[in-house]
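Take a look at the model below.

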Amino acid sequence: MFYRENGQFKTSYAADQQILPIAQDRWAILALVAFAFIGVPLLVDEYLLRAILIPFLILSLAAVGVNILVGYCGQISLGSGAFMAVGAYAAYNTFVRIEGMPLIVALLSGGFFATLVGMFFGIPSLRVKGLYLAVATLAAQFFCDWAFLRIGWFTNNNPSGSVSVSDLQVFGLPVDTPLQKYLFCLAVLVVFALLAKNLVRSAIGREWMAIRDMDVAAAVIGIRPMYAKLSAFAVSSFIVGVAGALWGFVHLGSWEPAAFSVDRSFQLLFMVIIGGMGSIMGSFFGAAFIVILPIVLNQLLPAIGHLFGIEISTAAISHAEFMAFGALIVWFLIVEPHGLAKLWSIGKQKLRLWPFPH
Amino acid sequence: MKLRQLALAASFVAAAASGALTAPAAFAQAKEQFFPVLVYRTGAYAPNGVPWANGFVDYIKLTNARGGINGVKLSFEECETGYATDRGVECYERLKGKNGGATMFQPLSTGITFALTEKAPADKIPLITAGYGRSESQDGGVFKWNFPLAGTYWVAGDIIIQDIAKKLGGAANLKGKHIALIYHDSPFGKEAIPILQERAAMHGYKLSLLPVTHPGVEQKSTWLQIRRDRPDYVVNWGWGVMNSTLIKEAQATGYPREKIYGVWWAGAEPDVKDIGEGAKGYNAITMQHGAEPNAAFVKEIMDKVHAKGQGTGPKDEVGQVLYVRGAMSAMLAVEGVRRAQERFGKGKVMNGEQVRWGLENLDLTQAKLDALGFKGVMRPISTSCQDHMGAAWGRIHTWDGKKWQFTSDWYQADEQIIKPMVKAAADKYAAEKKLQRRSAADCQS
């Protein structure tokens, strides 16, 4: 009834090609962004900001990056954690070694070095495909774990190998309180998500999708596989690198290589698979599912236990959390193998007919 | 149809979640000192994490059974970190404001300690890292909110070398010897390196560094190297499954267990009991206490907590090494609160800032410790503005195949060596963070 595009006429190509052609979508997304910038800071407390929303925003950004590579270009990568680590440590080194380095430049330099490393480890993608490529990108993970643990220079020769940053500022404004951190991450995320969305709609994004769907056919119609694949690695690693730098700088404040272990790579890959491959929107769903759901379960289960007067031990909660989480993953993948984003679009289709489905 | 079910399920989950998130406010009670407990009862380190958590919680229950701290009862809540830094940070955020505010935090992981060291000063909550954490945080002039009470890893490393020197008949005999450090490849394991290197430069022994990656079950290549080089001593800086794996590998390699020294995280029952006789002779440093089944406070826990069916965990583990460690960690926090009450008002609930003062002015004399039931378990601890550690004593205990036995007298870590190292590391931290050392006036506050 409300969600219909009847009467919305497109009179120019620009109007027809915008990201959200339906006015209701446009307003909804604008309202959501406005709510995230204005409403959320007024409503939520420090715990939600620091423990849930900031990690969610940063990992959403990383998932957007991984989705470009895995979802759009079809190159399965298990090196995302490594590219996050490169971003974090490169940004750290630029930040502490060069006096007066602005935070944003440091973050972008993290992205830049992650791009270089990502392209280097993307070279095998020209020869190996599919699961074999996933194994090849694992090399990036192990190499980076090794490098940041062993080579003292990267960690400024800290005896424990753990590094930390403080005194973050953007254009003279401090990024110190949870609220400031949240707004900073949100701003970065909005900018990058918009860029990514436009990139995948452009010529280069179509090249990636052509390569994903059938690389021989893509080559026949004149798409250079090397250019397409390496550019996907570059863009993806850049975004993932910036996310890694944010994870270290803004979320943890002090970190060690274990923060970017192979678990993180798997986590990012699962976000993309569960959220929806080849969908920017899906990255957000996937990140929400993986980041927020375990924490909600962890708090929900004892509360449910309380209702029935049962005290559940800490270990039991933790085990139950894993079981429920695993069951939900299986359930969602059976209900909708194309991810939460597909579920969302089906929902939108149904909504167009509602309430008169005839 | 399917969608409606989904929407219903989602809204139910959302409603329940918001209920769960707001519920704690309703439970909040006044007049209770809130102790958050970060634990890991699951994961690769659970065998060691569980007894620690049981000891910690039982001591809190014992304190309540004793009538609280001058009448103030304690409340507590556990949060499972799984030894993961991001979950630890989440737990910290979840618990820090609950039930009138957290008294202190004990992160129980070097990684989480590092992350919380950045956050605690802003929230004004002290961090107690009894025997672990970052060694330079002993310097209270820079690390105002960190309290590595009763020892750090540098103290532990120093005492291990002292004991080796004693067995060799003097520090002079260390010259030309070969010591291998097998360490957990994380900030925790690396904490040992500076002190062993410092001592190596002093005494002229050769130190080789052999990292083992998390969780530590893959040590074949490490032991191949040991078999080849035959070092005179092996120092084990491990945790969790890494320790038992290491002893089994030593057994397989034929390396004498008498020549292996573990850090105090590598010297408890879960590490050796499955190997039993095979681990006989394995040494470990204790930061003061060992297994103390006969200590007065352990008996009191048995009488006042376990006898009433309120005990945490199995009865036969009460008094084991890590159980005592947990209880001692809780005791230090409780005594910090008691000390704070002496200044800010007896019988009142203390906030984080006041507890910080209490921890900084802790003066646990032997008489006080004996009264608490820690006779023969611990030595006096007295902290100050500059020294947040309070005591640098340790002993060596050895597994005799059935239980841990003390095999050395008390050692004190060499201040002459550790102090300059702490100062240099703390100054480096302060310079990186652009912090000023605390002034004398700040010490009074």
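Which residues are exposed on the other side of α13(A)? They are A:M323, A:G326, A:A327, A:V330, A:W331 and A:I334. Keep in mind that this is a predicted model.

Start with the helix itself. Helix α13 of chain A covers residues 314–335. Its 22 residues should span 32 Å at 1.5 Å a residue. The end C-alpha atoms are 31 Å apart, which agrees.

Now find the covered residues. In α13(A), A:T314, A:I317, A:S318 and A:E321 are buried. Look down the axis of α13(A): the buried residues fall within an arc of 95°, so they line one face of the helix.

What do these buried residues pack against? Within chain A, the partner is α12 (280–307). Chain B contributes β1 (32–39) and β2 (73–80). The buried residues of α13(A) therefore line one face, and they pack against elements of chain A and chain B.

Next, move to a strand in chain B. Strand β5(B) runs over residues 178–184. It is mostly covered, with six of its seven residues buried.

Which strands pair with β5(B)? One is β6(B), residues 206–212. β5(B) and β6(B) pair in the parallel sense, over seven bridges. To see this pairing, find B:A180, which stands opposite B:S208 in β6(B).

Another is β7(B), residues 233–237. Five bridges join β7(B) to β5(B), and these strands also run parallel. Here, B:L181 has B:V235 as its bridge partner.

In a regular strand, side chains alternate between the two faces of the sheet.

Terms used: Residues numbered from 1 in each chain as written. Chains lettered and ligands numbered in written order. Predicted model: local features only at pLDDT ≥ 70, side-chain atom pairs only at ≥ 80, totals over all residues. Helix = DSSP H or I, 4+ residues; strand = E, 2+ residues; numbered from the N terminus. Expected span 1.5 Å × (residues − 1). Buried ≥ 20, exposed ≤ 12 C-beta atoms within 10 Å, placed from the backbone. Arc of directions from axis to C-beta. Contact = placed C-beta atoms within 7 Å. Pairing = 2+ DSSP bridges.
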